[in-house]
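Subject: The structure for you to look at

Hello,

Here is the structure I promised to pass on. Please open it next to this email and read along.

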Amino acid sequence: MKKVFIDGETGTTGLQVRERLINHPNIEVISIDPSKKRDVEEKRRLMKEADVTVLCLPDDAAVDSVILAKEEGCRILDASSVHRVAEGWVYGLPELDVTQRDKIKDAQFVSNPGCYPTGAVLLLKPLIEAGLLPAAGDYSINAISGYSGGGNALIDRYESTDNAPIFGAYGLTFNHKHLPEIKTWSGLSKAPIFVPSVGDFRQGMLTFLPIQLKGDVTMAQLQAKLAEVYANDTFVTVNGFNVIADDAAPFLTPHDLDNTNQVELSVLSAPDNQSGVLVAKLDNLGKGASGAAVQNLNIMLGFSEEIAVNLR
Ligand SMILES: NC(=O)C1=CN([C@@H]2O[C@H](COP(=O)(O)OP(=O)(O)OC[C@H]3O[C@@H](n4cnc5c(N)ncnc54)[C@H](OP(=O)(O)O)[C@@H]3O)[C@@H](O)[C@H]2O)C=CC1
Ligand SMILES: CC(=O)N[C@@H](CCC(=O)OP(=O)(O)O)C(=O)O
């Protein structure tokens, strides 16, 4: 039996990691006394006892816990956004390429990806690497998330007040904290324009990447490449190529994948086969946070990566 300490166990991400691990046959969660959850020496004791500590903390608190882990030589999986492009950290997206699982397995420090970058990187990276999309292209990404993406504060606003909007776009200073991660791990030479938004639903996410191709490349080739790259990945599925006819337009919602660790990628093409949109659907709390964290824990601890990643 391996032991996992969740630092931040009572937060949105922490609770969902714990709920998943309750069903894990090979992992025991060791918990901090709630009255001591900010007690540094108690954290140190639990970190030393654990095989891996998962940080489900705000960014500044995650930095403090990593100082402890470095002092004690402990292994960390960090769900916060501070270490996703940091030196000495492995990016916890196992589907990034064929070498990534081994890097995660051997790492002391693994950074769990952000929810929006998970969709954006899975779409962009293989297409840029294959030369089908330019690394120096001008990209725009629009996305919508369930309000649980904003943690307990946004959940309270939506569930305990009546002043939460049905829909709101944010990040309009164009420096959202996910941009460095999207740029780095997609292999882009400049950051995209990113317009995230939040809607009046708890969980689920759609990430849209509008595409205008040049030269001979077609939307069908983009779909074929994504299907080839993710053919053996359990958690990433690629829908069939879809040329949109007026009478058969899809109606996309951010749902259907709630409580799972799945990502669904789609290539929707206009009849010209050179324009359209790439779409990623996932649960911001699943593959966008806690499902991904359990998948990474499984890899770090040498278990099958499918165990306990879903809540249903
Ligand atoms: N929600 C999501 O969809 C995703 C969140 N993340 C990341 O996960 C991390 C946690 O986010 P989320 O779960 O949403 O946030 P929440 O606000 O829901 O939870 C944060 C938790 O951390 C606790 N906490 C704060 N400071 C400390 C500390 N010094 N020591 C121990 N516990 C502390 C809080 O306790 P208290 O309430 O008492 O302050 C709270 O329980 C963040 O870094 C976020 O960026 C990543 C991907 C997706
Ligand atoms: C709706 C909402 O507010 N979403 C969060 C991102 C959630 C996520 O991916 O978490 P990290 O904070 O770990 O990157 C935001 O845009 O800041």
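Below are my notes, going from the whole chain to the details.

Please keep in mind that this is a predicted model, in which local features need pLDDT of at least 70, side-chain atom pairs count only at pLDDT 80 or more, and totals for chains, interfaces and linings use all residues. Residues are numbered from 1 along each chain as its sequence is written, while chains are lettered from A and ligands numbered from 1 in the order in which they are written.

**The whole chain**

The protein chain has nine helices and 14 strands; these are DSSP runs numbered from the N terminus, with helices (H or I) of at least four residues and strands (E) of at least two. Its C-alpha trace spans about 60 × 50 × 35 Å along the principal axes. Of the 312 residues, 44% count as buried, where buried means 20 or more other C-beta atoms within 10 Å of the residue's own, exposed means 12 or fewer, and partly exposed is in between, with C-beta atoms placed from the backbone.

**The sheet**

Six strands make an open sheet with parallel pairing, in the order S2-S1-S3-S4-S6-S5 (strands pair if DSSP finds at least two bridges between them). At its edges are S2 (27–30) and S5 (90–91), each pairing on one side only. S1 (residues 2–7) and S3 (residues 52–55) run parallel and are joined by four bridges; Phe5 has Thr53 in S3 as its bridge partner.

**Around ligand 2**

Which residues come nearest to ligand 2? They are Ser81, Gly114, Cys115, Gly149 and Gly150, out of 13 around it (near means a C-beta atom, placed from the backbone, within 6 Å). Helix H5 (115–129) and strand S9 (193–199) are the elements that give two or more residues to this shell. By class, the shell has five nonpolar, eight polar and no charged residues (nonpolar: Ala, Val, Leu, Ile, Met, Phe, Trp, Tyr, Cys and Pro; charged: Asp, Glu, Lys and Arg; polar: the others, Gly among them).

**Thr253**

Thr253 sits in the loop between strand S12 (242–243) and strand S13 (263–269). Thr253 counts as exposed because it has 11 C-beta neighbours inside 10 Å. The C-alpha atoms of Thr253 and Leu206 are 7.5 Å apart, although 47 residues separate them along the chain.

Best wishes
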